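Subject: Structure for your review

Dear colleague,

Please find below the structure that I would like to hand over to you. I would be grateful if you could read the notes after it with the structure open beside them.

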Protein chains: 2
Amino acid sequence: MASIVERRTIRKYKKDDIPAEKLEALLFQASRAATMGNMQLYSVVVTRSDEMKEKLSPLHFGQPMVKNAPVVLTFCADFNRFTKWCEQRNADAGYDNFLSFLNAASDTLLYVQAFCTLAEEAGLGTCYLGTTLYNPQGIIDLLKLPKLTFPIATIALGYPDEQPEQPDRLPHLAYLHEETYRDYTPNQLDIIYYFKEQLEENLNFVKINNKENLAQVFTDCRYTRKDNEAMSAGLIEALKGQGFL
Amino acid sequence: MASIVERRTIRKYKKDDIPAEKLEALLFQASRAATMGNMQLYSVVVTRSDEMKEKLSPLHFGQPMVKNAPVVLTFCADFNRFTKWCEQRNADAGYDNFLSFLNAASDTLLYVQAFCTLAEEAGLGTCYLGTTLYNPQGIIDLLKLPKLTFPIATIALGYPDEQPEQPDRLPHLAYLHEETYRDYTPNQLDIIYYFKEQLEENLNFVKINNKENLAQVFTDCRYTRKDNEAMSAGLIEALKGQGFL
């Protein structure tokens with residue numbers, strides 16, 4: 001399973017297009033992932049046109065992968081299709097609530113990962129854009145997502161034009177717990193994060209950001225309380241607007 | 001990639017145990033999945049003891065996989081580890097909010113699917129228990145999950161002792177949209193769900209439940225408005241209790 005074990009995020013792509021049939025086949029194969037009650041609570045919006053990429057780009061904070069990848073996929077939690085089918089069958093669809101949102105988001109993310117594995121196995125490179133959750137309303141408006149759908153993840157997709165180093169990962173002891181969760185002692189935390197903290201590139205981030213340590217780079221520069229709280233409020237508003245709260 | 005394309009949920013397992021080293025290797029390999037800012041916002045609680053399976057079982061509504069699988073894995077969104085590390089480094093960790101929950105849940109679900117693919121490629125069978133989100137507080141209490149963690153998915157894992165038929169899946173046209181979401185016409189919905197509605201086993205579900213059609217089996221028997229609304233309230237309370245709302 002080299003496609004998972006050897007994977008790295010790809011941010012530079014060749015110009016080659018991805019044939020529609022190839023994409024459709026991968027999207028169908030990925031649907032073999034587990035899905036709640038076999039309901040397949042997701043949809044995928046394919047962006048190929050330059051015009052749409054141009055509009056999508058600022059919603060992902062101008063990350064260049066959006067404009068440079070031949071294909072951008074926005075994976076959406078989708079209870080709209082299932083609900084419309086129920087209504088057409090005179091069935092009372094009670095999926096306009098928070099549990100149903102999380103169920104559909106779960107389906108979607110399992111599907112995303114299955115798709116990425118298959119795409120990478122087929123020689124494609126992927127970049128997961130977590131920014132989808134930062135400004136969901138802009139994406140909802142642009143892609144015309146109806147009520148009971150919600151953008152969850154965006155994947156930039158193309159043939160790799162780079163072969164970056166694999167990033168570090170924590171040792172499995174960092175996240176593995178036997179029978180119950182054993183919380184972390186200060187000493188364990190030092191051990192778990194030691195390798196990451198000593199990496200040349202991370203020491204450099206600390207230096208250029210004029211911080212005391214790597215943790216402060218995360219909290220003060222990359223993922224700040226202020227941004228997280230503002231974006232949480234926007235996310236909750238968007239969930240209400242889409243009928244899930 | 002037979003492990004995805006040929007996959008089916010496995011609910012019956014051989015008695016054979018899964019060696020700790022094998023499980024650890026799979027859990028580490030799966031960590032190659034995309035993760036936000038390389039933070040790996042998840043933990044896994046491994047249940048092997050009969051005593052814990054006995055207690056976990058009712059929290060999953062008595063589904064027999066919990067007691068019959070040699071290993072049960074509860075995958076948790078985890079901002080506790082990262083936050084504790086930040087605090088130890090005098091960094092202001094602002095991850096006690098809803099966006100951070102969804103970011104950690106996303107990391108977790110990508111990790112779950114990567115793990116399942118690798119496990120299945122290694123000859124294991126998996127069953128995804130969506131019930132994890134139905135009664136999270138019971139699981140939080142039993143597994144002693146601290147604040148800023150949350151149970152997201154449970155996987156029953158073991159060597160397959162059955163080879164069930166593959167279930168149906170919707171055609172890719174059901175969930176694929178070009179450039180913008182095109183909502184469904186009544187005729188399209190009839191086409192999308194026709195195959196599923198005509199399946200012998202589904203016709204039988206309609207009959208034994210004394211319903212007019214398959215959609216009503218879903219809305220009146222399997223996933224009812226009443227249950228969804230009650231469980232949504234419990235889910236939101238648990239998120240508050242864990243510090244994410």
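The notes below describe how the chains meet.

Please keep in mind that this is a predicted model.

The extent of the interface comes first. In chain B, 111 residues are in contact with 110 residues of chain A. Between them, the two chains bury about 10500 Å², and 60% of this area lies on carbon and sulfur atoms.

Ten salt bridges are found across the interface of chain B and chain A. One pairing of this kind joins the side chains of A:R89 and B:E197, with a distance of 2.6 Å from N to O. On the side of chain B that touches chain A, helix 6 (residues 98–121) of chain B supplies the largest share, with 16 residues. Sorted by class, that side of chain B comprises 58 nonpolar, 30 polar and 23 charged residues.

The chains also pair through strands. Strand 5 (residues 176–178) of chain A runs parallel to strand 1 (residues 42–47) of chain B, and three bridges join them. Within this pairing, A:H177 stands opposite B:V45.

Finally, there is the symmetry. Chain B is superposed on chain A by a rotation of 180° with 0.0 Å of shift along its axis, giving an RMSD of 0.0 Å. The two copies are therefore related as by a two-fold rotation axis. Of the interface residues of chain B, 99% are also interface residues in chain A, so the copies meet through the same surface.

With kind regards

Conventions. Residues numbered from 1 in each chain as written. Chains lettered and ligands numbered in written order. Predicted model: local features only at pLDDT ≥ 70, side-chain atom pairs only at ≥ 80, totals over all residues. Heavy atoms only, no water. Contact = heavy atoms within 4.5 Å. Buried area = accessible area lost by both parts, 1.4 Å probe. Salt bridge = Lys/Arg side-chain N within 4 Å of Asp/Glu carboxyl O. Helix = DSSP H or I, 4+ residues; strand = E, 2+ residues; numbered from the N terminus. Nonpolar A, V, L, I, M, F, W, Y, C, P; charged D, E, K, R; others polar. Pairing = 2+ DSSP bridges. Least-squares fit on C-alpha atoms with pLDDT ≥ 70 in both.
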